[in-house]
Amino acid sequence: MATVDECEAAMHKLAARIDGLDAETKRRTLLDRSVTCRLTDLGVTFRGQFRAGGLHDIVRSDGANGQIRMTMSSDDLVAMVDGTLNFGRAWATGRVKVGANVFDLIK
């Protein structure tokens with residue numbers, strides 16, 4: 001099981017990867033939405049905000065009530081950000097759950 005600090009670092013690493021995307025990709029895919037990531041094994045939730053082409057304001061949160069809600073284990077978060085776990089495969093097998101409106105999911 002990954003630690004809370006490792007998961008927080010993974011969230012910030014994800015934000016840095018999003019910052020590194022080209023402007024066209026950001027324009028096509030990023031939304032202005034709140035996002036939460038609940039880590040089931042740690043009982044911790046991180047909250048952030050997709051806006052201005054990036055992921056900002058990452059903090060620990062008391063609730064998983066973002067407009068985009070992800071649920072997974074701490075190890076799966078770290079593995080996805082490190083590139084050793086494919087998001088699509090993890091979602092298809094139920095290791096990662098995503099809740100959002102259908103238009104956000106398509107984007």
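Is D76 buried or exposed at 7% relative accessibility? D76 counts as buried, the term being used for under 20% relative accessible area, with exposed meaning over 50% and partly exposed in between (1.4 Å probe, protein chains only).

1. Basis of the note. This is a predicted model, in which local features need pLDDT of at least 70 and side-chain atom pairs count only at pLDDT 80 or more, while totals for chains, interfaces and linings use all residues. Residues are numbered from 1 along each chain as its sequence is written, and side-chain values use heavy atoms, with hydrogens and water left out.

2. The salt bridge of D76. The partner of D76 is R95, with the closest N and O atoms 2.5 Å apart; a salt bridge is a side-chain nitrogen of Lys or Arg within 4 Å of a carboxyl oxygen of Asp or Glu. D76 belongs to helix α3 and R95 to the loop between α4 (87–92) and β5 (97–99), so the pair ties together parts 19 residues apart in sequence. Helices (H or I, at least four residues) and strands (E, at least two) are DSSP runs, numbered from the N terminus. R95 is partly exposed, at 45% relative accessibility.

3. Other salt bridges. The count comes to five salt bridges. One of them joins the side chains of D5 and R60 (3.5 Å, N to O). This pair links distant parts of the chain, with D5 in helix α1 and R60 in strand β3 (residues 54–61), 55 residues apart. D5 is exposed at 55%, whereas R60 is partly exposed at 48%. D5 and R60 also belong, with E8, to a network of salt bridges. A further bridge is formed by R51 and D57 (2.8 Å, N to O).

4. Cysteines. The structure holds zero disulfides, a disulfide being a pair of cysteine sulfur atoms within 2.5 Å. For C7, the nearest cysteine sulfur is that of C37, 7.7 Å away. This separation is too far for a bond. C7 is buried at 0% relative accessibility, and C37 is likewise buried, with a relative accessible area of 0%.

5. S74 is found in helix α3 (residues 74–82) and is buried at 0% relative accessibility. Leaving aside neighbours within four places in sequence, S74 is in contact (heavy atoms within 4.5 Å) with M1, A2, C7, L39, D41 and L42.

6. Strand β4. T71 lies in strand β4 (residues 68–72) and counts as buried at 17% relative accessibility. Beyond neighbours within four places in sequence, the contacts of T71 include R95.
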